[in-house]
Amino acid sequence: MVRTEHSIVEQVYEAKGDPAAADALIEQYMAFIRSETVKFIHTAPENGREDELSIAMLAFYEAVLGYERGRGAFLPYAARAIRNRLIDYHRVEKRHGDTVSLYAPLGAEEDGSLLEVLPDGRDHLEERQLQEASRREIQEFGEKLAALGISLSDVADDCPRQERTLDACLRVLDCARARPALLERTADTGRLPMRELAQASGVDKKTMERHRRYLVAILVAFTNGYDVIRGHLCRIGPGKGGTR
């Protein structure tokens with residue numbers, strides 16, 4: 001068992017600096033990622049639930065980037081990251097649709113989920129519409145970034161790792177949101193208006209450059225009402241399993 005965990009840790013450290021190794025690791029542990037997703041949503045991540053699996057995959061990759069040996073065994077660490085990210089997703093979905101997740105546990109004294117006790121008259125159509133809207137949003141956002149030469153893996157690579165750096169990035173976001181023309185320019189070109197943002201936010205240009213793709217992604221997310229995506233990006237925090 002120790003040897004197996006040692007092997008996983010070595011793979012994780014290799015994947016930190018090698019995107020190809022990271023992709024291979026994600027593929028190797030897809031059964032684990034799927035299993036953790038199933039534990040949370042209590043159903044197979046398909047037929048309208050693909051968005052949860054995509055979020056779990058991104059959370060696994062974030063866990064790879066954020067893992068250090070002092071944080072214990074990797075797989076439990078990754079499992080917490082996946083669960084935290086899925087909790088964030090469903091909180092955003094709840095605010096967006098004013099609904100409670102049908103797959104959330106009933107409570108400590110009751111087994112099963114809300115889905116199992118709802119009457120037959122529940123609104124299946126509304127539920128599916130919300131799920132489909134979230135799936136389309138994630139897909140559309142990925143395509144928008146791809147057109148700018150940025151992948152979701154790139155965004156994860158550039159995510160802040162320290163609290164003060166995250167706060168600096170959010171100050172940049174606040175300044176950009178107060179200047180819609182800067183948001184639109186970034187969304188159109190994929191380029192950060194470094195000089196204007198540095199002057200307005202007080203954040204050093206070098207800091208913005210180190211986190212450029214993350215900043216481009218989060219600015220783009222505030223141009224087209226990407227509610228699920230921007231809630232996800234704004235909750236990426238250092239040392240907390242992917243939550244802020």
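Rings of Phe, Tyr and Trp (its six-membered ring) pair if their centres lie within 6.5 Å; planes under 30 degrees apart count as stacked, over 60 as edge-to-face and the rest as tilted. In this structure, such pairs link Tyr13, Tyr29, Phe32, Phe60, Tyr67, Phe74 and Tyr77 into a cluster. The model is predicted: local features need pLDDT of at least 70, side-chain atom pairs count only at pLDDT 80 or more, and totals for chains, interfaces and linings use all residues. Residues are numbered from 1 along each chain as its sequence is written, and side-chain values use heavy atoms, with hydrogens and water left out.

**Overall picture**

- The protein chain has 14 helices and two strands. Helices (H or I, at least four residues) and strands (E, at least two) are DSSP runs, numbered from the N terminus.
- Of its 244 residues, 46% count as buried. Buried means under 20% relative accessible area, exposed over 50%, and partly exposed in between (1.4 Å probe, protein chains only).
- The accessible surface of the protein chain comes to about 12800 Å². Carbon and sulfur atoms account for 49% of that surface. Areas come from the Shrake-Rupley method with a 1.4 Å probe; for residues, only the protein chains shown count as cover.
- Contact means heavy atoms within 4.5 Å. Among contacts between residues at least 6 apart in sequence, 65% join residues at least 24 apart.

**Core and aromatic rings**

- The largest nonpolar core has 67 residues. Such a core is a set of buried Ala, Val, Leu, Ile, Met, Phe, Trp, Tyr and Cys residues joined through side-chain atoms within 4.5 Å.
- Phe60 and Phe74 have the most contacts inside this core. Helix α4 (residues 50–66) gives the most to the core, with ten residues.
- Phe60 and Phe74 are both buried.
- By the ring rule, the count comes to six aromatic pairs. The rings of Phe60 and Phe74 have their centres 5.6 Å apart and their planes at 80°, so this pair is edge-to-face.
- Phe60 lies in helix α4 and Phe74 in helix α5 (residues 74–97), so the pair ties together parts that are 14 residues apart in sequence.
- Not counting residues up to four places away in sequence, Phe60 touches Leu25, Ile26, Tyr29, Phe32, Ile33, Phe74, Ala78 and Ile82.

**Helix α2**

- Helix α2 spans residues 19–28, and Ala21, Ala22, Leu25 and Ile26 are buried in it. They cover an arc of only 140° around the axis, which puts them on the same side of α2. The arc is that of the directions from the helix axis to the C-beta atoms.
- An α-helix has 3.6 residues a turn, so residues three or four places apart point the same way.
- Exposed residues Ala20 and Glu27 sit on the face of α2 turned away from its buried side.
- At the start of α2, a side-chain oxygen of Asp18 reaches to within 3.0 Å of the backbone nitrogen of Ala20.

- Glu52 is in helix α4. Glu52 is buried, with a relative accessible area of 1%.
- Leaving aside neighbours within four places in sequence, Glu52 is in contact with Thr37, Ile41, Leu86, Tyr89 and His90.
- Arg80 lies in helix α5. Arg80 is partly exposed, with a relative accessible area of 45%.
- Arg80 and Ala63 are 17 residues apart along the chain, and their C-alpha atoms are separated by 9.0 Å.
- Ile218 lies in helix α13 (residues 212–221). Ile218 counts as buried at 1% relative accessibility.

How values were computed:
Polar contact = N/O pair within 3.5 Å; in protein donor to acceptor, adjacent residues only side chain to side chain.
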